[in-house]
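This briefing is an introduction for a reader who meets the structure here for the first time. Please look over the sequence and the model below before reading the notes, which are grouped by topic.

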Amino acid sequence: MNKRKSIVLFLAATTLAACTTDDGVGETETLDPIEEEAAIEEEPGEAVVTDEEMAPISDEELEQAEAIDDLDQYPEFAEQDAFDPTGYDAYLITNNGTTRVILFQDGDEQVFKSVYIEADNRLKIIDLQNNELLINSPL
């Protein structure tokens with residue numbers, strides 16, 4: 001009877017040993033949280049959205065803004081489908097040759113903000129009411 005248990009034990013150990021390998025196939029490398037965050041930030045084509053971009057426009061900036069009557073002069077809005085900009089009052093906040101920021105209001109309420117980065121041909125549209133990024137992609 002002891003011999004029988006030994007054989008079963010030997011077969012079980014052999015079977016388990018055959019199932020394990022050291023070649024690492026199927027294993028995934030785990031990163032600690034800091035390395036994982038750094039890997040995400042370094043992905044090409046992903047522009048970072050800053051807290052400043054996500055924030056509403058200040059009253060001071062809005063007072064200095066220029067009202068926009070014709071959005072057709074800004075082709076970036078024709079190429080997006082996140083919202084219909086024609087239903088809002090539009091104000092040019094910044095247009096410094098590299099970045100253009102436009103605020104969209106419904107009455108006195110700030111609804112959307114667009115940030116167009118000319119060098120990257122990238123459009124970011126931010127829903128200010130829900131503090132949500134709707135678009136962050138090149139055109």
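A residue is called buried here when its relative accessible area is under 20%, exposed when that value is over 50%, and partly exposed in between. With that cut-off in hand, and bearing in mind that the model is a predicted one, buried residues make up 27% of the 139 residues in the protein. The protein has 4 helices and 6 strands, and along the sequence these elements follow the pattern α-α-α-α-β-β-β-β-β-β.

**Salt bridges around Arg-100**

- Side chains of opposite charge can pair when their charged atoms come close.
- A search of the whole structure finds 3 salt bridges, and Arg-100 takes part in one with Glu-76, where the closest N and O atoms are 2.9 Å apart.
- This pair links distant parts of the chain, since Arg-100 is in strand β3 while Glu-76 is in the loop between β1 (66–68) and β2, 24 residues apart.
- Both Arg-100 and Glu-76 are buried, and for Arg-100 the relative accessible area is 10%, which is why Arg-100 falls under the 20% cut-off.
- Arg-100 also forms a salt bridge with Glu-118, with the closest N and O atoms 3.8 Å apart.
- Because Arg-100 lies in strand β3 and Glu-118 in the loop between β4 and β5, this second pair ties together parts that are 18 residues apart in sequence.
- Glu-118 has a relative accessible area of 31% and therefore counts as partly exposed.
- Taken together, Glu-76, Arg-100 and Glu-118 are linked in a network of salt bridges.

**The pair Lys-124 and Glu-53**

- Lys-124 forms a salt bridge with Glu-53, and the closest N and O atoms of the two are 3.0 Å apart.
- Here too the pair links distant parts of the chain, with Lys-124 in strand β5 and Glu-53 in helix α3, 71 residues apart.
- Lys-124 is buried, with a relative accessible area of 2%, and Glu-53 is buried as well, with a relative accessible area of 14%.

- Arg-122 lies in strand β5, which covers residues 122–127.
- The side chain of Arg-122 does make a polar contact with the side chain of Asn-136, at 3.0 Å.

**The largest pocket**

- The largest pocket holds about 230 Å³ of space.
- Its lining includes Glu-52, Glu-53, Ala-55, Pro-56 and Ile-57, and among the other lining residues are Thr-99, Val-101, Lys-113 and Val-115.
- At least two lining residues come from each of α3 (51–54), β2 (89–95), β3 (99–106) and β4 (109–117).
- Sorted by class, the lining of the largest pocket consists of 6 nonpolar, 2 polar and 4 charged residues.

**Tyr-74**

- Tyr-74 lies in the loop between β1 and β2, and with a relative accessibility of 8% Tyr-74 counts as buried.
- The C-alpha atoms of Tyr-74 and Tyr-116 are separated by 9.8 Å, while the two residues are 42 residues apart along the chain.

Notes
Residues numbered from 1 in each chain as written. Predicted model: local features only at pLDDT ≥ 70, side-chain atom pairs only at ≥ 80, totals over all residues. Heavy atoms only, no water. Polar contact = N/O pair within 3.5 Å; in protein donor to acceptor, adjacent residues only side chain to side chain. 1 Å grid on protein atoms, 1.4 Å probe; cavity = no way out; pocket = protein on both sides within 12 Å on 5 of 7 lines; lining within 4 Å. Points joined across faces, edges and corners; volume = space filled by probe spheres on them. Nonpolar A, V, L, I, M, F, W, Y, C, P; charged D, E, K, R; others polar. Salt bridge = Lys/Arg side-chain N within 4 Å of Asp/Glu carboxyl O. Buried < 20%, exposed > 50% of the residue type's maximum accessible area, 1.4 Å probe, protein only.
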